[in-house]
Amino acid sequence: MTYQERHQDYVWTLPTIPAGQQIVQPFQFDPDAPFVLRSLAARIPYDANGTQTALASVSLRWSGPVQDYRHQSVVPAGLMLGPYFGQYGNPMPVYPEVQFPASGVTWLQVVNGGASPLTGLQVFMRGVKRGRPGQWATYTYPAKMRTIPFSYPFVVSSLAVTDARTNQVFQVQSNGDFVFRAGQAGRVFAPQTYEVFLTLKDSNGYPYSNAPVHVDVLFGQSAGRAAYPVGSAPLLVPPIGPGASAPGLIYPEIYLPQDHILLYDIARNDSAYGGAQAADFPLNFMGSKVIPQ
Amino acid sequence: MRYRPQYAYPKAPRGYKDQDFAYYFSSVGNPALGQNIAAGALITNIPLQLDRDIYLDEPVPFLWRATKVLTNQTGLAVQFAGPDGTLLSNDFEAVGLSYAPGGASPIVGLSSVPNERGIECPLGAVILVSLKNISSAGIVSPVTEIFLMGVKRWKVAA
(Lines give C-alpha, C1' and ligand atoms only; values in the text may rest on other atoms or scores of the structure.)
Protein backbone atom coordinates (compact mmCIF):
# COMPACT_ATOMS: atom_id res chain seq x y z
CA MET A 1 0.00 0.00 0.00
CA THR A 2 1.40 3.38 -0.91
CA TYR A 3 -0.73 5.43 1.40
CA GLN A 4 -2.27 5.36 4.85
CA GLU A 5 -5.96 6.00 5.44
CA ARG A 6 -7.48 7.43 8.57
CA HIS A 7 -11.12 7.92 9.55
CA GLN A 8 -12.21 11.53 9.12
CA ASP A 9 -15.40 13.52 9.54
CA TYR A 10 -15.66 17.06 8.27
CA VAL A 11 -18.36 19.20 9.81
CA TRP A 12 -19.43 22.35 8.02
CA THR A 13 -21.63 24.67 10.05
CA LEU A 14 -23.42 27.14 7.83
CA PRO A 15 -24.35 30.67 8.78
CA THR A 16 -28.00 31.47 9.31
CA ILE A 17 -29.89 31.40 6.02
CA PRO A 18 -32.90 33.72 5.89
CA ALA A 19 -36.22 32.36 4.67
CA GLY A 20 -36.33 31.96 0.92
CA GLN A 21 -32.63 32.75 0.55
CA GLN A 22 -29.62 30.75 -0.51
CA ILE A 23 -25.92 30.78 0.17
CA VAL A 24 -23.02 29.49 -1.86
CA GLN A 25 -19.98 28.92 0.27
CA PRO A 26 -16.58 27.24 -0.01
CA PHE A 27 -15.18 24.96 2.65
CA GLN A 28 -11.54 24.09 2.84
CA PHE A 29 -10.21 20.72 3.94
CA ASP A 30 -7.18 20.27 6.18
CA PRO A 31 -3.71 20.82 4.74
CA ASP A 32 -2.12 17.69 6.14
CA ALA A 33 -3.53 15.13 3.71
CA PRO A 34 -5.99 14.64 0.85
CA PHE A 35 -9.54 13.84 1.86
CA VAL A 36 -11.56 11.08 0.26
CA LEU A 37 -15.29 11.73 0.49
CA ARG A 38 -17.38 8.59 0.88
CA SER A 39 -20.63 9.66 2.52
CA LEU A 40 -22.77 12.62 3.53
CA ALA A 41 -25.23 13.72 6.21
CA ALA A 42 -26.96 16.86 7.38
CA ARG A 43 -28.62 17.98 10.57
CA ILE A 44 -30.02 20.97 12.34
CA PRO A 45 -30.40 21.41 16.09
CA TYR A 46 -33.49 19.81 17.55
CA ASP A 47 -36.42 22.15 17.90
CA ALA A 48 -38.45 22.42 21.09
CA ASN A 49 -40.48 19.38 20.02
CA GLY A 50 -37.38 17.25 19.65
CA THR A 51 -37.67 17.11 15.87
CA GLN A 52 -35.69 18.51 12.97
CA THR A 53 -38.64 19.76 10.98
CA ALA A 54 -36.62 22.56 9.41
CA LEU A 55 -34.62 20.04 7.39
CA ALA A 56 -37.67 19.60 5.18
CA SER A 57 -37.06 23.05 3.73
CA VAL A 58 -33.38 22.48 2.93
CA SER A 59 -32.17 21.87 -0.60
CA LEU A 60 -28.52 21.69 -1.42
CA ARG A 61 -25.79 20.54 -3.74
CA TRP A 62 -22.07 20.13 -3.35
CA SER A 63 -19.05 20.23 -5.59
CA GLY A 64 -15.91 18.26 -6.25
CA PRO A 65 -12.45 19.77 -5.95
CA VAL A 66 -12.69 22.05 -9.01
CA GLN A 67 -16.10 23.49 -8.19
CA ASP A 68 -17.61 20.73 -10.27
CA TYR A 69 -21.08 20.38 -8.83
CA ARG A 70 -22.47 16.86 -8.74
CA HIS A 71 -26.06 17.95 -9.33
CA GLN A 72 -27.37 20.33 -11.95
CA SER A 73 -29.48 22.09 -9.34
CA VAL A 74 -30.06 21.95 -5.64
CA VAL A 75 -31.79 18.80 -4.42
CA PRO A 76 -34.11 18.49 -1.40
CA ALA A 77 -32.02 17.18 1.46
CA GLY A 78 -34.42 14.32 2.09
CA LEU A 79 -33.95 13.11 -1.47
CA MET A 80 -30.20 13.52 -1.48
CA LEU A 81 -29.49 12.08 1.94
CA GLY A 82 -32.23 9.53 2.36
CA PRO A 83 -33.94 8.39 5.53
CA TYR A 84 -32.99 10.38 8.61
CA PHE A 85 -30.75 12.60 6.46
CA GLY A 86 -27.71 10.39 6.79
CA GLN A 87 -27.82 10.59 10.56
CA TYR A 88 -27.89 7.75 13.07
CA GLY A 89 -24.50 6.57 11.96
CA ASN A 90 -25.83 5.80 8.50
CA PRO A 91 -24.55 8.52 6.16
CA MET A 92 -25.62 8.42 2.54
CA PRO A 93 -22.85 6.77 0.51
CA VAL A 94 -21.01 8.74 -2.15
CA TYR A 95 -19.89 6.33 -4.81
CA PRO A 96 -17.50 6.47 -6.54
CA GLU A 97 -15.54 8.25 -3.85
CA VAL A 98 -14.43 11.82 -4.49
CA GLN A 99 -10.87 12.78 -3.62
CA PHE A 100 -9.98 16.30 -2.62
CA PRO A 101 -6.33 17.38 -2.46
CA ALA A 102 -4.80 18.61 0.77
CA SER A 103 -6.24 22.07 1.41
CA GLY A 104 -8.79 21.34 -1.30
CA VAL A 105 -12.11 23.11 -1.38
CA THR A 106 -15.70 21.96 -1.75
CA TRP A 107 -18.51 24.36 -2.52
CA LEU A 108 -21.94 24.08 -0.96
CA GLN A 109 -25.03 25.72 -2.35
CA VAL A 110 -27.85 25.64 0.15
CA VAL A 111 -31.37 26.96 -0.30
CA ASN A 112 -33.78 27.63 2.51
CA GLY A 113 -37.19 27.07 0.98
CA GLY A 114 -39.01 27.49 4.25
CA ALA A 115 -40.71 30.40 5.91
CA SER A 116 -38.27 30.70 8.79
CA PRO A 117 -34.53 31.30 9.00
CA LEU A 118 -32.33 28.21 9.10
CA THR A 119 -29.96 28.43 12.03
CA GLY A 120 -27.25 25.95 12.87
CA LEU A 121 -27.53 23.81 9.75
CA GLN A 122 -24.59 21.41 9.49
CA VAL A 123 -23.37 19.33 6.57
CA PHE A 124 -21.17 16.35 7.33
CA MET A 125 -18.67 14.83 4.95
CA ARG A 126 -17.42 11.44 6.10
CA GLY A 127 -14.54 9.58 4.57
CA VAL A 128 -10.85 9.12 5.08
CA LYS A 129 -7.72 11.16 5.06
CA ARG A 130 -5.29 9.58 2.66
CA GLY A 131 -1.81 10.30 3.92
CA ARG A 132 1.72 9.08 3.52
CA PRO A 133 2.59 5.69 5.00
CA GLY A 134 3.50 6.29 8.61
CA GLN A 135 2.02 9.77 8.68
CA TRP A 136 -0.09 8.86 11.70
CA ALA A 137 0.93 6.51 14.48
CA THR A 138 -1.03 3.29 14.21
CA TYR A 139 -0.91 -0.27 15.41
CA THR A 140 -2.09 -3.50 13.89
CA TYR A 141 -2.72 -7.15 14.58
CA PRO A 142 -0.07 -9.47 15.98
CA ALA A 143 1.13 -12.24 13.71
CA LYS A 144 -0.70 -14.92 15.68
CA MET A 145 -3.95 -14.09 17.42
CA ARG A 146 -7.62 -14.84 17.85
CA THR A 147 -10.51 -12.42 18.08
CA ILE A 148 -13.81 -12.33 19.89
CA PRO A 149 -16.62 -9.82 19.42
CA PHE A 150 -16.30 -7.29 22.20
CA SER A 151 -17.82 -4.01 23.34
CA TYR A 152 -16.84 -1.30 25.75
CA PRO A 153 -19.98 0.32 27.15
CA PHE A 154 -19.31 3.26 29.46
CA VAL A 155 -20.93 6.43 30.67
CA VAL A 156 -19.81 10.00 30.94
CA SER A 157 -21.02 10.77 34.42
CA SER A 158 -23.34 13.62 35.25
CA LEU A 159 -23.05 15.50 32.01
CA ALA A 160 -24.46 18.91 32.85
CA VAL A 161 -27.02 20.71 30.72
CA THR A 162 -24.20 22.88 29.45
CA ASP A 163 -20.94 21.05 29.68
CA ALA A 164 -17.68 20.65 27.82
CA ARG A 165 -15.04 18.13 28.78
CA THR A 166 -11.84 17.76 26.84
CA ASN A 167 -9.35 14.94 26.60
CA GLN A 168 -11.45 12.33 28.33
CA VAL A 169 -9.67 9.00 28.38
CA PHE A 170 -10.95 5.72 27.03
CA GLN A 171 -8.51 2.97 27.97
CA VAL A 172 -8.37 -0.56 26.69
CA GLN A 173 -8.24 -3.38 29.21
CA SER A 174 -4.94 -5.07 29.84
CA ASN A 175 -6.13 -8.53 28.79
CA GLY A 176 -6.20 -7.94 25.05
CA ASP A 177 -6.07 -5.41 22.25
CA PHE A 178 -9.25 -3.79 20.98
CA VAL A 179 -10.26 -3.02 17.43
CA PHE A 180 -12.69 -0.11 17.46
CA ARG A 181 -15.06 -0.55 14.53
CA ALA A 182 -18.35 1.10 15.42
CA GLY A 183 -20.22 2.96 18.10
CA GLN A 184 -23.58 3.75 19.59
CA ALA A 185 -24.39 6.61 21.93
CA GLY A 186 -27.28 8.35 23.57
CA ARG A 187 -29.64 8.04 26.44
CA VAL A 188 -32.33 5.44 25.98
CA PHE A 189 -34.52 6.64 28.82
CA ALA A 190 -35.35 9.87 30.62
CA PRO A 191 -33.95 12.36 31.12
CA GLN A 192 -33.28 12.85 27.45
CA THR A 193 -30.40 14.74 25.95
CA TYR A 194 -30.49 16.75 22.76
CA GLU A 195 -27.33 18.47 21.61
CA VAL A 196 -24.37 16.27 22.53
CA PHE A 197 -21.20 16.31 20.47
CA LEU A 198 -18.08 14.17 20.35
CA THR A 199 -14.61 14.68 19.03
CA LEU A 200 -12.61 11.47 18.83
CA LYS A 201 -8.84 11.86 19.05
CA ASP A 202 -5.93 9.48 18.94
CA SER A 203 -3.55 9.13 21.84
CA ASN A 204 -1.49 11.99 20.49
CA GLY A 205 -4.51 14.26 20.60
CA TYR A 206 -4.90 14.34 16.85
CA PRO A 207 -8.63 14.50 16.07
CA TYR A 208 -10.68 12.36 13.73
CA SER A 209 -12.86 15.34 12.80
CA ASN A 210 -12.39 19.02 12.16
CA ALA A 211 -15.07 19.91 14.70
CA PRO A 212 -17.30 18.17 17.23
CA VAL A 213 -19.74 15.73 15.62
CA HIS A 214 -23.24 15.26 16.97
CA VAL A 215 -23.60 11.79 18.48
CA ASP A 216 -26.64 11.05 16.31
CA VAL A 217 -24.50 11.57 13.23
CA LEU A 218 -21.37 9.86 14.48
CA PHE A 219 -22.97 6.83 16.14
CA GLY A 220 -26.75 6.78 16.55
CA GLN A 221 -28.74 4.42 18.76
CA SER A 222 -31.69 2.04 18.60
CA ALA A 223 -34.17 3.90 20.77
CA GLY A 224 -33.86 7.07 18.76
CA ARG A 225 -35.84 10.01 19.98
CA ALA A 226 -35.55 12.04 16.81
CA ALA A 227 -38.37 12.36 14.35
CA TYR A 228 -37.46 13.33 10.82
CA PRO A 229 -39.57 15.31 8.38
CA VAL A 230 -40.80 13.65 5.22
CA GLY A 231 -42.47 15.77 2.59
CA SER A 232 -43.17 19.45 2.30
CA ALA A 233 -45.95 19.36 4.87
CA PRO A 234 -43.78 17.07 6.84
CA LEU A 235 -44.86 13.82 8.30
CA LEU A 236 -42.51 13.17 11.19
CA VAL A 237 -41.23 9.63 11.30
CA PRO A 238 -38.86 7.96 13.75
CA PRO A 239 -35.69 6.40 12.43
CA ILE A 240 -36.34 2.80 11.43
CA GLY A 241 -33.46 0.51 10.67
CA PRO A 242 -30.41 2.06 12.28
CA GLY A 243 -29.33 1.20 15.78
CA ALA A 244 -27.02 -1.45 17.13
CA SER A 245 -27.47 -3.60 14.04
CA ALA A 246 -26.29 -0.75 11.81
CA PRO A 247 -24.10 1.36 14.07
CA GLY A 248 -21.99 4.31 13.06
CA LEU A 249 -18.88 2.81 11.57
CA ILE A 250 -15.31 3.85 12.13
CA TYR A 251 -13.45 3.23 8.91
CA PRO A 252 -10.67 2.31 8.79
CA GLU A 253 -11.04 0.66 12.14
CA ILE A 254 -8.86 1.97 14.95
CA TYR A 255 -6.51 -0.58 16.47
CA LEU A 256 -5.82 0.02 20.14
CA PRO A 257 -3.27 -2.22 21.85
CA GLN A 258 -3.94 -3.31 25.40
CA ASP A 259 -3.71 -0.52 27.97
CA HIS A 260 -3.59 2.07 25.22
CA ILE A 261 -5.90 5.03 25.16
CA LEU A 262 -8.17 6.93 22.86
CA LEU A 263 -9.08 10.48 23.77
CA TYR A 264 -12.37 12.21 23.24
CA ASP A 265 -13.96 15.56 23.89
CA ILE A 266 -17.61 15.63 24.80
CA ALA A 267 -19.81 18.70 24.87
CA ARG A 268 -23.47 19.24 25.64
CA ASN A 269 -25.56 22.34 25.10
CA ASP A 270 -29.17 21.71 26.09
CA SER A 271 -29.83 25.05 27.73
CA ALA A 272 -32.53 25.82 25.17
CA TYR A 273 -34.61 22.80 26.09
CA GLY A 274 -37.06 23.03 28.95
CA GLY A 275 -36.71 20.30 31.51
CA ALA A 276 -33.20 19.37 30.52
CA GLN A 277 -31.14 18.14 33.44
CA ALA A 278 -27.77 16.64 34.19
CA ALA A 279 -27.53 13.02 33.14
CA ASP A 280 -25.08 10.19 32.75
CA PHE A 281 -24.38 9.89 29.06
CA PRO A 282 -23.82 6.36 27.74
CA LEU A 283 -21.53 5.35 24.91
CA ASN A 284 -20.75 1.95 23.50
CA PHE A 285 -17.57 1.30 21.55
CA MET A 286 -18.02 -1.87 19.51
CA GLY A 287 -15.49 -4.08 17.79
CA SER A 288 -13.33 -7.06 18.60
CA LYS A 289 -10.93 -8.05 21.29
CA VAL A 290 -7.67 -9.35 19.90
CA ILE A 291 -5.83 -11.90 21.98
CA PRO A 292 -2.27 -12.71 20.92
CA GLN A 293 -1.54 -16.42 20.78
CA MET B 1 -7.37 -5.70 8.26
CA ARG B 2 -9.07 -4.82 5.00
CA TYR B 3 -12.78 -4.30 4.77
CA ARG B 4 -14.95 -7.31 4.24
CA PRO B 5 -18.71 -7.44 4.36
CA GLN B 6 -20.37 -8.83 7.42
CA TYR B 7 -21.72 -12.34 7.07
CA ALA B 8 -19.17 -13.15 4.38
CA TYR B 9 -18.29 -16.30 6.20
CA PRO B 10 -16.36 -19.10 4.59
CA LYS B 11 -18.20 -22.16 3.44
CA ALA B 12 -18.36 -25.19 5.64
CA PRO B 13 -15.28 -27.37 5.33
CA ARG B 14 -15.41 -30.33 3.03
CA GLY B 15 -17.61 -33.08 4.44
CA TYR B 16 -19.85 -30.70 6.40
CA LYS B 17 -22.79 -28.46 5.66
CA ASP B 18 -24.03 -25.38 7.47
CA GLN B 19 -27.70 -24.99 8.28
CA ASP B 20 -29.21 -21.67 9.40
CA PHE B 21 -30.31 -21.89 12.96
CA ALA B 22 -31.67 -19.47 15.54
CA TYR B 23 -32.16 -19.93 19.24
CA TYR B 24 -35.04 -18.02 20.74
CA PHE B 25 -35.30 -17.39 24.46
CA SER B 26 -38.08 -15.29 25.89
CA SER B 27 -39.30 -14.29 29.29
CA VAL B 28 -42.24 -16.63 28.66
CA GLY B 29 -40.21 -19.78 28.16
CA ASN B 30 -37.36 -18.60 30.39
CA PRO B 31 -38.95 -16.92 33.40
CA ALA B 32 -35.54 -15.80 34.60
CA LEU B 33 -35.59 -13.25 31.79
CA GLY B 34 -38.88 -11.86 33.03
CA GLN B 35 -37.95 -11.07 36.60
CA ASN B 36 -38.53 -7.68 38.11
CA ILE B 37 -35.30 -5.77 38.65
CA ALA B 38 -34.96 -2.89 41.06
CA ALA B 39 -33.18 0.26 39.95
CA GLY B 40 -29.47 -0.42 39.77
CA ALA B 41 -29.88 -4.12 40.58
CA LEU B 42 -28.72 -7.02 38.48
CA ILE B 43 -29.43 -10.67 37.81
CA THR B 44 -26.36 -12.61 36.88
CA ASN B 45 -25.62 -15.64 34.78
CA ILE B 46 -28.96 -16.70 33.37
CA PRO B 47 -28.15 -19.84 31.39
CA LEU B 48 -29.23 -20.13 27.78
CA GLN B 49 -28.87 -23.80 27.02
CA LEU B 50 -27.97 -24.78 23.47
CA ASP B 51 -28.80 -28.07 21.77
CA ARG B 52 -27.00 -31.36 22.09
CA ASP B 53 -27.11 -32.67 18.56
CA ILE B 54 -25.02 -35.63 17.59
CA TYR B 55 -25.09 -36.73 13.98
CA LEU B 56 -23.08 -39.46 12.35
CA ASP B 57 -21.26 -39.91 15.62
CA GLU B 58 -20.06 -36.32 15.64
CA PRO B 59 -21.19 -33.45 17.84
CA VAL B 60 -22.88 -30.65 15.95
CA PRO B 61 -21.50 -27.23 16.95
CA PHE B 62 -23.45 -23.99 16.74
CA LEU B 63 -21.59 -21.10 15.15
CA TRP B 64 -23.05 -18.05 16.87
CA ARG B 65 -22.89 -15.19 14.41
CA ALA B 66 -25.47 -12.64 15.44
CA THR B 67 -27.62 -11.53 18.35
CA LYS B 68 -30.81 -9.59 18.77
CA VAL B 69 -32.43 -8.56 22.03
CA LEU B 70 -35.89 -7.08 22.10
CA THR B 71 -37.39 -5.75 25.29
CA ASN B 72 -40.11 -3.41 26.43
CA GLN B 73 -37.80 -1.94 29.07
CA THR B 74 -35.57 0.98 28.11
CA GLY B 75 -33.53 0.64 31.29
CA LEU B 76 -32.43 -2.92 30.60
CA ALA B 77 -28.76 -3.65 30.03
CA VAL B 78 -27.20 -7.01 29.27
CA GLN B 79 -23.85 -8.71 29.35
CA PHE B 80 -23.20 -11.99 27.53
CA ALA B 81 -20.59 -14.60 28.21
CA GLY B 82 -19.56 -17.01 25.49
CA PRO B 83 -19.48 -20.78 25.89
CA ASP B 84 -16.04 -20.68 27.48
CA GLY B 85 -17.14 -18.04 29.96
CA THR B 86 -15.44 -15.19 28.15
CA LEU B 87 -17.31 -11.95 28.63
CA LEU B 88 -18.25 -10.17 25.42
CA SER B 89 -18.17 -6.70 26.94
CA ASN B 90 -16.34 -5.02 29.76
CA ASP B 91 -19.60 -3.95 31.43
CA PHE B 92 -23.35 -4.09 30.99
CA GLU B 93 -24.55 -2.71 27.67
CA ALA B 94 -27.81 -0.81 27.36
CA VAL B 95 -29.92 -2.94 25.03
CA GLY B 96 -30.72 0.13 22.97
CA LEU B 97 -27.02 0.71 22.36
CA SER B 98 -25.91 -2.84 21.81
CA TYR B 99 -28.34 -5.51 20.68
CA ALA B 100 -31.55 -3.88 19.49
CA PRO B 101 -32.27 -2.66 15.98
CA GLY B 102 -33.91 0.72 15.66
CA GLY B 103 -37.66 1.15 15.28
CA ALA B 104 -38.19 -2.31 16.65
CA SER B 105 -41.62 -2.00 18.19
CA PRO B 106 -43.78 -1.86 15.07
CA ILE B 107 -41.44 -3.75 12.78
CA VAL B 108 -40.60 -7.41 12.61
CA GLY B 109 -37.64 -8.99 10.92
CA LEU B 110 -35.20 -6.21 11.64
CA SER B 111 -31.50 -6.81 11.36
CA SER B 112 -29.49 -8.51 14.01
CA VAL B 113 -26.19 -7.41 15.50
CA PRO B 114 -23.29 -9.41 14.08
CA ASN B 115 -20.89 -11.29 16.28
CA GLU B 116 -18.01 -10.36 14.11
CA ARG B 117 -16.28 -13.36 13.18
CA GLY B 118 -18.62 -15.56 15.14
CA ILE B 119 -18.21 -17.75 18.18
CA GLU B 120 -18.10 -21.52 18.00
CA CYS B 121 -20.34 -23.10 20.62
CA PRO B 122 -19.67 -26.79 21.21
CA LEU B 123 -22.27 -29.44 21.82
CA GLY B 124 -24.56 -28.49 24.70
CA ALA B 125 -22.87 -25.16 25.33
CA VAL B 126 -24.39 -22.71 27.74
CA ILE B 127 -24.44 -19.02 26.95
CA LEU B 128 -24.73 -16.88 30.05
CA VAL B 129 -26.58 -13.60 30.03
CA SER B 130 -26.71 -11.19 32.91
CA LEU B 131 -29.28 -8.43 33.22
CA LYS B 132 -29.00 -5.06 34.89
CA ASN B 133 -31.41 -2.23 35.42
CA ILE B 134 -29.41 0.89 34.58
CA SER B 135 -32.31 3.28 34.99
CA SER B 136 -33.53 4.96 38.13
CA ALA B 137 -36.97 3.34 37.89
CA GLY B 138 -37.73 -0.27 38.64
CA ILE B 139 -38.17 -2.83 35.88
CA VAL B 140 -41.52 -4.51 36.41
CA SER B 141 -42.90 -7.45 34.45
CA PRO B 142 -40.43 -7.11 31.61
CA VAL B 143 -40.96 -8.86 28.31
CA THR B 144 -37.55 -9.71 26.93
CA GLU B 145 -36.63 -11.84 23.96
CA ILE B 146 -33.17 -13.01 22.97
CA PHE B 147 -32.29 -14.39 19.56
CA LEU B 148 -28.98 -16.11 18.97
CA MET B 149 -28.51 -16.60 15.26
CA GLY B 150 -26.01 -18.55 13.29
CA VAL B 151 -25.57 -21.98 11.77
CA LYS B 152 -25.31 -25.54 12.92
CA ARG B 153 -22.51 -27.44 11.24
CA TRP B 154 -23.59 -30.95 10.29
CA LYS B 155 -21.45 -33.75 9.01
CA VAL B 156 -22.52 -35.00 5.61
CA ALA B 157 -22.99 -38.70 5.14
CA ALA B 158 -20.37 -40.13 2.81
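This note goes through the two chains of a predicted model, their contacts and a few single residues.

1. Basis. The model is predicted, and local features are given at pLDDT of at least 70, side-chain atom pairs at pLDDT 80 or more, while totals for chains, interfaces and linings use all residues. Residues are numbered from 1 along each chain as its sequence is written, and chains are lettered from A, ligands numbered from 1, in the order in which they are written.

2. Chain A, overall. Chain A has two helices and 18 strands; helices (H or I, at least four residues) and strands (E, at least two) are DSSP runs, numbered from the N terminus. Its radius of gyration is 19 Å, close to the 19 Å that the globule rule gives for 293 residues, so chain A is as compact as a globular protein of that length. That radius is taken over C-alpha atoms, and the rule is 2.2 Å times the number of residues to the power 0.38. The C-alpha trace of chain A spans about 60 × 45 × 30 Å along its principal axes.

3. Burial and contact range in chain A. Of its 293 residues, 43% count as buried. A residue is buried if 20 or more other C-beta atoms lie within 10 Å of its own, exposed if 12 or fewer, and partly exposed in between, with C-beta atoms placed from the backbone. Among contacts in chain A between residues at least 6 apart in sequence, 83% join residues at least 24 apart; a contact requires C-beta atoms, placed from the backbone, to lie within 7 Å.

4. Domains of chain A. Chain A is divided into domain 1 (4–131) and domain 2 (145–292), with bounds that come from an automatic or database domain assignment. Their C-alpha centres lie 21 Å apart. Between them, 28 residues of domain 1 are in contact with 35 residues of domain 2. On the domain 1 side, strand 1 (4–13), strand 3 (35–43) and strand 8 (122–131) each supply at least two residues, and strand 1 gives the most, with seven. By class, this side has 13 nonpolar, ten polar and five charged residues. Ala, Val, Leu, Ile, Met, Phe, Trp, Tyr, Cys and Pro count as nonpolar, Asp, Glu, Lys and Arg as charged, and the others, Gly among them, as polar.

5. Core. The largest nonpolar core has 98 residues, of which A:A42, A:F124 and B:V78 touch the most other members. Such a core is a set of buried Ala, Val, Leu, Ile, Met, Phe, Trp, Tyr and Cys residues joined through C-beta atoms within 7 Å. Strand 18 of chain A gives the most to this core, with six residues. Both domain 1 and domain 2 of chain A give residues to this core, so it lies between them. Neighbours within four places in sequence aside, the contacts of A:F124 include A:D9, A:A42, A:V213 and A:V217.

6. Interface between the chains. Here 32 residues of chain A are in contact with 31 residues of chain B. On the chain A side, the elements giving two or more residues are strand 9 (145–159), strand 11 (177–185) and strand 18 (279–292). Strand 9 of chain A gives the most, with eight residues. The chain A side has 19 nonpolar, twelve polar and one charged residues.

7. Chain B. This chain has zero helices and ten strands. The C-alpha trace of chain B spans about 60 × 35 × 30 Å along its principal axes, and buried residues make up 34% of the chain.

8. A sheet in chain B. Four strands form an open sheet in the order 2-9-6-7, with antiparallel pairing; two strands pair if DSSP finds at least two bridges between them. Strand 2 (42–49) and strand 7 (93–94) are the edge strands, each pairing on one side only. Six bridges join strand 2 to strand 9 (residues 126–133), and B:Q49 stands opposite B:V126 in strand 9.

9. Two residues of chain A. A:P252 is in strand 16 (residues 248–256) and counts as partly exposed, with 16 C-beta neighbours inside 10 Å. Leaving aside neighbours within four places in sequence, A:P252 is in contact with A:E5, A:R6, A:H7 and A:V128. A:Y273 lies in the loop between strand 17 (261–269) and strand 18 of chain A. A:Y273 is partly exposed, with 18 other C-beta atoms within 10 Å.

Conventions. Two residues are in contact if their C-beta atoms, placed from the backbone, lie within 7 Å.
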